[in-house]
4 protein chains.
Amino acid sequence: MSAVRAAVLAQFEQPLEIRSYPEPGAPGPGEALARVEMAGICGTDVHLWLGQLAIPIPVVLGHETVGRMETLGPGLEKDWRGRPLQPGDRVTWASSIICGECYYCRQKAQPTRCLNRKAYGISYNADEPPHLRGGYAEKILLRAGTAIFRIPDELPTEAVVGAGCALTTAIHGIERAPVNWGDTVVIQGSGPVGLAALAVALQAGATRAIVTGGPAHRLERAREFGAHVTIDVAAAAGLAERRRQVLDATGGYGADVVIECVGHPDAVNEGLEYCRDGGRFLVLGQYADAGSISFNPHTVTRKQLQMIGSWGFEPRHVDRALGLLNETGWKHRFARQITHRFALDRADEALQTTRQWISGKTVIVP
Amino acid sequence: MSAVRAAVLAQFEQPLEIRSYPEPGAPGPGEALARVEMAGICGTDVHLWLGQLAIPIPVVLGHETVGRMETLGPGLEKDWRGRPLQPGDRVTWASSIICGECYYCRQKAQPTRCLNRKAYGISYNADEPPHLRGGYAEKILLRAGTAIFRIPDELPTEAVVGAGCALTTAIHGIERAPVNWGDTVVIQGSGPVGLAALAVALQAGATRAIVTGGPAHRLERAREFGAHVTIDVAAAAGLAERRRQVLDATGGYGADVVIECVGHPDAVNEGLEYCRDGGRFLVLGQYADAGSISFNPHTVTRKQLQMIGSWGFEPRHVDRALGLLNETGWKHRFARQITHRFALDRADEALQTTRQWISGKTVIVP
Amino acid sequence: MSAVRAAVLAQFEQPLEIRSYPEPGAPGPGEALARVEMAGICGTDVHLWLGQLAIPIPVVLGHETVGRMETLGPGLEKDWRGRPLQPGDRVTWASSIICGECYYCRQKAQPTRCLNRKAYGISYNADEPPHLRGGYAEKILLRAGTAIFRIPDELPTEAVVGAGCALTTAIHGIERAPVNWGDTVVIQGSGPVGLAALAVALQAGATRAIVTGGPAHRLERAREFGAHVTIDVAAAAGLAERRRQVLDATGGYGADVVIECVGHPDAVNEGLEYCRDGGRFLVLGQYADAGSISFNPHTVTRKQLQMIGSWGFEPRHVDRALGLLNETGWKHRFARQITHRFALDRADEALQTTRQWISGKTVIVP
Amino acid sequence: MSAVRAAVLAQFEQPLEIRSYPEPGAPGPGEALARVEMAGICGTDVHLWLGQLAIPIPVVLGHETVGRMETLGPGLEKDWRGRPLQPGDRVTWASSIICGECYYCRQKAQPTRCLNRKAYGISYNADEPPHLRGGYAEKILLRAGTAIFRIPDELPTEAVVGAGCALTTAIHGIERAPVNWGDTVVIQGSGPVGLAALAVALQAGATRAIVTGGPAHRLERAREFGAHVTIDVAAAAGLAERRRQVLDATGGYGADVVIECVGHPDAVNEGLEYCRDGGRFLVLGQYADAGSISFNPHTVTRKQLQMIGSWGFEPRHVDRALGLLNETGWKHRFARQITHRFALDRADEALQTTRQWISGKTVIVP
């Protein structure tokens, strides 16, 4: 009987291991077996590798994946949008499945806070059958209820993985803290989430976008994406100077919207400084618990701010992301994000490349 | 020539002084001279007395005032709502005047953040003519452009001053962080702002309102206002126990909306605990800079919260407040708030009564 | 083998027939068999009887129903809110089931416009097994996926059926065309939908509610519900006079929100007259296609109006309705709506009572 | 004493007359005298010429104007945005002045429905001093309180007049009926308002914009602006065929947003056909009362639509328009709109060019 290889995080801060699992049998009702074409390395994968989030191990990492449909279980005939699904179709899927029944799913319309949410590449113990629940693998077995999206032929795989979960996360965040056309926007951070937030802000019509971050090759990408001003946090001597540059670029009072895509908690106090009175501050980067800061809540009252959190995304945000990529020139910019490709055997090397901030986007091509 | 007496804060933390100022001459265009009928003591006045906010001294305190029109300047013929104004009319007014021309007034629709805002009873040096710019006085000279409201005959002065700027502040805050009918609401604080927020939340249709605060006589008032549950912060042993009680009263996950009306910065972290995921947290009480707290921004992201600030109010909120009082039974509850009355000579005693949290609402009746 | 009796609409405009169907076997996975305790007669049932909507016949009417759980199919263990469900529980349910997968369900968040929606008492041919898909019957077999709600013990059956689908319809409509606290509201129509809209508008804090309609016993109920002004359309001589009365009651310019709950298309032009410039006009009553009117779209531009439609409701509106009833005094007012009760054998008489506008609310008690 | 020439509409449907008025004296407080550099001919001017709106005559037409500051009255030192104003500055201004005090200005935040609004080029009788209140003239005397905007040096006069009041009208309308990024939008009409609505919809991130209209040279411009699909109403044989084309271009269910910029009332029923269920329909073109249509309100309920009106614009929309032009490439597209230029003497010829739909945008260069 044939086997399927996968890269497994078996111990935190230790090299990923290549393990073999039995080929899954015929998919059950609603399930699907897909062959992985490309799996993105997300910054969150680095956090998982470092043991900074509570997950089961061993785990097959990988929650940004494009695959090719191999076998469809009984009853699975259409994708999330109702388009017919067949073996051979190129697809992606929402990384999380929610229960649809809990307090947050039903009563409060906050499905990303589902009490029973599980994510591919994060929440499944690889020791337990069917084992193949992550993207760093030759194949993945998708559960019934997965929001699968057939990818239009004209949309390259590189664009989908190059955008990754950063784009869907940014779309959800900016839905909660809207950018209106004509707004000035500061984006803190020039990693994948920062660039994705930049893309969405520009698509929403921001007429001035300032990106703070680094290193230089990242800011160069931000300018390629359309940032009007970039501020290198290493070069700009201190917060006061950075603040001066932001105020200069926003007419003197700060931006209408500030989007934090850094992850370090200090960025929050800095971002509040960039925000005009009455503005919106989207706390998008604080996914991991990176600790506390000294914070003065009087600022929120006096500046009359909205500080808005956003967690994960829903299938409809994947739909919007694919629509954005397919219908605009953004697909090319995101596809160019991919700078490093590794075979599955070198998955650990791929992860380390991301960890060291060398790459644009790193992917595994099994 | 006759003189007009006023209670003046001449030195921080020192007794108010009764001073006499010359009777103002005929009001200029758009101005009005009013005889004070009742002036409320606001908690903010205590902060001002303590020197916790940057204001000029000496100052005639008093920004919650009902007066009787004495002389109207040329061109002043109608109140803010367009109703005719005449000598003898009973009136109140918005405590602040904005410029209507600055960046925040015009371009960003945030008039409460007007760069040139000045408030009666707070921003005017009493040494400078015309001196009479606060409510703790026999008369007040209202500037042209003041939003004056004629009070309907059926609405008692006690209701207007009993509600005070707490009600207009709460109306503005809840406009920014809406309470929808059927929502569960926690109100932190049972002082005037807390009670006013309770009234507005109930008027907006909250079906469960929990008030945390004290002392006991305040919570008794909260129950009279319609609070379904009150939690005495002195009696409830610690945050964990208070949180348990709040969760019990909100179905286990926390309230849809939490309104902070305390002023102590620690209340912010406590309030976030009371908020369900995806909920709204209105930071309404942090008017003075009471210092910083240790704060974890990961909470905002993970719980997908909105933390919303609100500063002051606009004339239209005074209009809504008067409408609410006039058209509903709230007028009676707010009028009953007034527990202590003092003559102008005893203004300092009035202030100390408020400072010591003895009273419901204390007023000066010159 | 035992049989279950039901009242069947077999021919339009002909008396309902009492038919017997075989007792359903054990419910399948997720299904439930319920014994009907009370079934409301809705105005829509009259339209169905008249043949004004495209439905299959024969049909067991009845989409406003309270039942008692008799047998639960495998896997059905909790109600929509996650509370345990057991035989003997008193329940109600959302009358419609949606597919959850179509363009409107998934991509456009308009589930009431689901392309595959089916409603108990409306969309099921009674000739086809399992036959029992309406409330005018001794029993009803609920499909898997039905949003079932266990009714709290303290909430009387009369309140739930007395509110009926009028309340859920009004809740959805006012969600789309919000009433803010302090608003003035005109409600056109004093039937069940009008009264329900009145209740929701008052719960949302409307400080002035005007109801136009009739006959007199209906307007008397509107006043009991809390209407500040009622206008009898038969007594008020013509639109000009009614308009004068509405403007008098709304400060001269018209209401902030007008809610049409009449159904006759002429009510739309009349309602636009009642609306202030910049106001909201909710077209809630035009469920059946009652024909066209002469309409001038210049009015919408010049008065800068929002004309808003709303169709049906979702399970979460049933949840809000039950919450409203359970947590407030509205339960008593809605329960008192029930004026006429009939045994199942007299279902046709029940329907005619509703048709002739004699009753408050008429119900069948099998 | 010198005289100032102006083109005057003295009789409806008769040629404009060139009249001379006395040079105004020194401007009063807050007033300004400007020399006209360019005045746009708006489609509304044609309606005025035809006598379809109630205005005083004789009137100096012209409400889309760029001028050069000649003399500033006492106290006028800054433009609407607070930038210093001096003689010689190139400026434009909001065409309307509102009272700021009436029911709609103050209490209902609908300043475009101000009860006392007056517009340059429309509302002022040219027989009454100071006569010069329209743009078809050598000079115009601006009233105190006019929202004047200094035009940045890099923004060509042609862009400002080429955009005209169509752009500010579209900005206001789309503020009321928002286009979200990713939306599909149908714009009915390819005149100046249609093209402006197209520009705003694209700036707001619409990913598919369909323009219906004509004649061919207009649709060519729409494609230059970025329309993805254009439908020639003359060529497309009937509504059914046009509807088929719209549905084809919007995935089969209709557009998220439909913007009516036609003016003929029949366009409203056609536009409702183009709208998906739950969509937004902006009635933007029905400025003049062009009569009634047969309309079925059941459509609004069943399709769960929002039909939204919008009237005129506020100074802040002029600010947004100038910002959009200045900060993006739209300035070039709008500047290219100007196809015909006439001297003041030939103002009537300019008007007729617009009336006959020959031109892109026609302007007068005094």
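**Interfaces between chains and domains**

User: How many salt bridges are there between chain A and chain D?

Analyst: Zero salt bridges are counted between chain A and chain D. The term stands for a side-chain nitrogen of Lys or Arg within 4 Å of a carboxyl oxygen of Asp or Glu.

User: What should I know about the model itself before we go on?

Analyst: It is a predicted model, in which local features need pLDDT of at least 70 and side-chain atom pairs count only at pLDDT 80 or more, while totals for chains, interfaces and linings use all residues. Residues are numbered from 1 along each chain as its sequence is written, chains are lettered from A and ligands numbered from 1 in the order in which they are written, and side-chain values use heavy atoms, with hydrogens and water left out.

User: Back to A and D. How many residue pairs are in polar contact between chain A and chain D?

Analyst: Six residue pairs, both residues at pLDDT 80 or more. A polar contact is a pair of N or O atoms within 3.5 Å; within protein, one must be able to donate a hydrogen and the other to accept it, and residues adjacent in sequence count only if both atoms are side-chain atoms.

User: Which elements give two or more residues to the side of chain A that touches chain D?

Analyst: α4 (192-203) and α9 (315-327) of chain A do, and α9(A) gives the most, with three residues. Helices (H or I, at least four residues) and strands (E, at least two) are DSSP runs, numbered from the N terminus. By residue type, that side of chain A has five nonpolar, four polar and two charged residues. Here Ala, Val, Leu, Ile, Met, Phe, Trp, Tyr, Cys and Pro count as nonpolar, Asp, Glu, Lys and Arg as charged, and the others, Gly among them, as polar.

User: What is the buried area between chain A and chain D?

Analyst: About 1,200 Å², with 59% of it on carbon and sulfur atoms. Buried area is the accessible area (1.4 Å probe) that two parts lose on being put together, summed over both. Eleven residues of chain A are in contact with eleven of chain D, contact meaning heavy atoms within 4.5 Å.

User: What rotation superposes chain A on chain D?

Analyst: One of 180 degrees, with 0.0 Å of shift along its axis and an RMSD of 0.0 Å. In chain A, Ala204(A) has the C-alpha nearest the axis, 2.6 Å from it. Copies are superposed by least squares on the C-alpha atoms of residues with pLDDT of at least 70 in both.

User: New topic, A and B. How many residues of chain B are in contact with chain A?

Analyst: 43 residues of chain B are in contact with 42 residues of chain A. The two chains bury about 3,800 Å² between them, 51% of it from carbon and sulfur atoms. Tyr253(B), Thr301(B) and Gln304(B) lose the most area in chain B, together 18% of what that side buries.

User: How many salt bridges between chain B and chain A?

Analyst: Four. In a salt bridge between the two chains, the side chains of Arg113(B) and Asp277(A) meet at 2.7 Å, N to O. There are also 31 residue pairs in polar contact between chain B and chain A, both residues at pLDDT 80 or more. Elements giving two or more residues to the chain B side include α3 (157-176) and β15 (275-283) of chain B. That side divides into 18 nonpolar, 16 polar and nine charged residues.

User: How is chain B laid on chain A?

Analyst: By a turn of 180 degrees and a shift of 0.0 Å along the axis, with an RMSD of 0.0 Å. The two copies are thus related as by a two-fold rotation axis. Of the interface residues of chain B, 98% are also interface residues in chain A, so the copies meet through the same surface.

User: Now inside one chain. What domains is chain A divided into?

Analyst: Domain 1 (3-164 + 313-364) and domain 2 (178-309); the bounds come from an automatic or database domain assignment. Their centres, taken over C-alpha atoms, are 29 Å apart. Domain 1 has 14 residues in contact with 15 of domain 2.

User: How much area do domain 1 and domain 2 of chain A bury between them?

Analyst: About 1,300 Å², 60% of it on carbon and sulfur atoms. Trp330(A), Gln337(A) and Trp357(A) lose the most area on the domain 1 side, together 42% of what that side buries. Four residue pairs are in polar contact across this interface, both residues at pLDDT 80 or more, and helix α10 (residues 330-335) of chain A gives the most to the domain 1 side, with three residues. Zero salt bridges are counted between the two domains.
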